[in-house]
Structure formats: C-alpha cells, structure tokens
Amino acid sequence: MKLQAVGNDFIVADAGKIAVKRPKTHSLARLARAICDRHTGVGADGFLLVLPPQNRENHAQVRFFNADGGEAEMSGNGIRCVGGFLAEKRRRAPALRIETLAGVKTLEKMSGEAERWIFRVAMGWPVLEPEKIPFTGPGASAPVLNYPLPTNQGKRRVTVTSMGNPHCSLFVSDFHRINWRAVGQEIETNSYFPNRTNVEFIKVISEREIEVRYWERGVGQ
C-alpha cells in the first residue's frame, strides 16, 4: 500500500506472521531501492515493512528503509503511515504500540476516515548527547548547539539532535542565497555523522512561523 504524510510518501508492506526466519537486511535493502525508484519502480521516499511484534503487548514491529536502501531507526511521517496501514487492516485499538529500532512508539488516532487518518505520535524526548546521536565533531558536548560545522561553503552553525534518527538543523536568512540542496547532501555524509544525518534548513518568518527545507538521509530533498 502506498501512503503519504505531509507529502512524505512510503510503500508499506505486511511481512505476515514470520515467527522464526526474518527477512535478510541485504535483500530488503535491494527491494527498497527497486520499489522506491521513481523511474522503474512504484516510487516513494521509503519502504516500510510491518512485522509481528517481538513483545505480545505491542501491535507490530516496523523496519524503515530509505529510498537508497539504508535502514533508518525511525521516521515520524513513516510511522504515522504505518498507523493508517494498520487501521485499514482493521487492527484497531485506542492506541497502537509499534516497535522500532529507536524503541517502542505509541500512536494515538485523533480522527479520520479511510484514506485520511490523523495520528499523534509520542516521539519521546530528543537525544542530546553526541555519542548517542551519534555525532563525533571535535569538542562537541551536550547539547550540541551552534556548532561550527565545516562545509565547502564555509562553516555553518548547526544544532545536532536525535529523535531516534540523527538530525542536523541550521538557520538561514534567505533560501535563494544558499545552495541548500548541495549543503544538505554534503552534511548528510559528513564524517562527523557515522550514521549520516537528516538536515533541516530553517528560515524564521515571525515569532510564530518558520519556513523549512528538508534534506532527508538516503532520500534527498
């Protein structure tokens, strides 16, 4: 099933009741690359595999694969698509407990009908310790704020956190004055991020409004 959350689209598949033998990661990575290809596959930002939970108190386990085949720990938009997928399968409950590599996440269905579900996800507290993000920039300590990250376009002051997966955020004054796609691609693979990172470019419009551009790890813009 193909689903999207805020324009972030995913192919969601049910692995069935696999109790002993689980799909091999390298096979799933290859499948993800093929199915997410927008020219020769279905086309999506990621491939999500729904498995039986390892703990019976939970409703499902999910593995997240980016379009490039890399496995992610967690995806906020992706897990909400999984909630819609489970709702379509009529596995309804007041709240869904879903196992991820970033721990168990709880989804609460706020409203919605078929094809337009609204879920709220308990993402947990952000991870601020560099070694847990992970981030290996010299001299970095928790919280990693205003860190001078070197790039080909000069040093960029960044904030580094994790919500189960790494994020690098930086403020910009004008999106037209920075090649944010090139910077995002460079930062994603910076050696200070052993597991690569998502990158967010933020323009403050007012005290209550911001504009954001996203470079997603393993996906791109």
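**Note on the predicted model**

1. Phe171 belongs to strand E11, which spans residues 166-171. The model is a predicted one, and in it Phe171 has a relative accessibility of 62%, so this residue counts as exposed. Together with Val204 and Ile210, Phe171 makes a nonpolar surface patch of about 340 Å².

2. In soluble globular proteins, nonpolar side chains tend to be buried together. Here the largest nonpolar core has 22 residues, and those with the most contacts inside it are Val12, Val50, Val82, Leu86 and Ile98. At least two residues of this core come from each of strand E2 (8-14), strand E3 (46-51), strand E4 (60-66), helix H2 (76-88), strand E6 (95-100) and strand E8. Which element gives the most to this core? That element is H2, with six residues.

3. Aromatic contacts deserve a separate point. A pair of aromatic rings is described by the distance of the centres and the angle of the planes. The count comes to four aromatic pairs. In one of them, the ring centres of Phe135 and Tyr147 are 5.2 Å apart and the planes stand at 90 degrees, so the pair is edge-to-face. Phe135 lies in the loop between strand E8 (116-122) and strand E9 (144-149), whereas Tyr147 lies in strand E9 itself, and the pair, twelve residues apart, links distant parts of the chain. Phe135 has a relative accessibility of 4% and therefore counts as buried, and Tyr147, with a relative accessible area of 11%, is buried as well. Phe135 and Tyr147 also form one aromatic cluster with Tyr192 and Phe193.

4. An aromatic ring also takes part in a contact with a charge: the charged end of Arg213 sits over the ring of Phe175, at 4.3 Å from the ring centre.

5. Turning to charged pairs, side chains of opposite charge can pair when their charged atoms come close. The structure holds nine salt bridges. One of these is between Arg217 and Glu73, whose side chains meet with an N to O distance of 2.8 Å. Because Arg217 lies in the segment after strand E13 (209-215) and Glu73 in the loop between strand E5 (71-72) and H2, this pair ties together parts that are 144 residues apart in sequence. Both Arg217 and Glu73 are buried.

6. A second salt bridge joins Arg196 and Glu188, with the closest N and O atoms 3.0 Å apart. Are these two partners buried or exposed, or does each fall in its own class? Arg196 has a relative accessibility of 25% and so counts as partly exposed, while Glu188, with a relative accessible area of 6%, is buried. Elsewhere, salt bridges that share partners join Lys2, Asp9, Arg38 and Asp45 into one network.

7. Arg38 is partly exposed, with a relative accessible area of 48%, whereas Asp45, at 11%, is buried.

8. With a relative accessibility of 73%, Val6 counts as exposed. Arg196, the salt-bridge partner of Glu188, is also a residue other than glycine with a positive phi, here near 65 degrees. Arg196 is found in the loop between helix H3 (180-188) and strand E12 (198-206).

Methods: Residues are numbered from 1 along each chain as its sequence is written. This is a predicted model: local features need pLDDT of at least 70, side-chain atom pairs count only at pLDDT 80 or more; totals for chains, interfaces and linings use all residues. Side-chain values use heavy atoms; hydrogens and water are left out. Patches are made of residues with over 30% relative accessible area and no salt bridge: like charges are joined within 9 Å, nonpolar side chains (Val, Leu, Ile, Met, Phe, Trp, Tyr) within 5 Å. Accessible areas come from the Shrake-Rupley method with a 1.4 Å probe; for residues, only the protein chains shown count as cover. A salt bridge is a side-chain nitrogen of Lys or Arg within 4 Å of a carboxyl oxygen of Asp or Glu. Helices (H or I, at least four residues) and strands (E, at least two) are DSSP runs, numbered from the N terminus. Buried means under 20% relative accessible area, exposed over 50%, partly exposed in between (1.4 Å probe, protein chains only). Rings of Phe, Tyr and Trp (its six-membered ring) pair if their centres lie within 6.5 Å; planes under 30 degrees apart count as stacked, over 60 as edge-to-face and the rest as tilted. A charge sits over a ring if NZ of Lys or CZ of Arg is within 6 Å of the ring centre and within 35 degrees of the ring normal. A nonpolar core is a set of buried Ala, Val, Leu, Ile, Met, Phe, Trp, Tyr and Cys residues joined through side-chain atoms within 4.5 Å.
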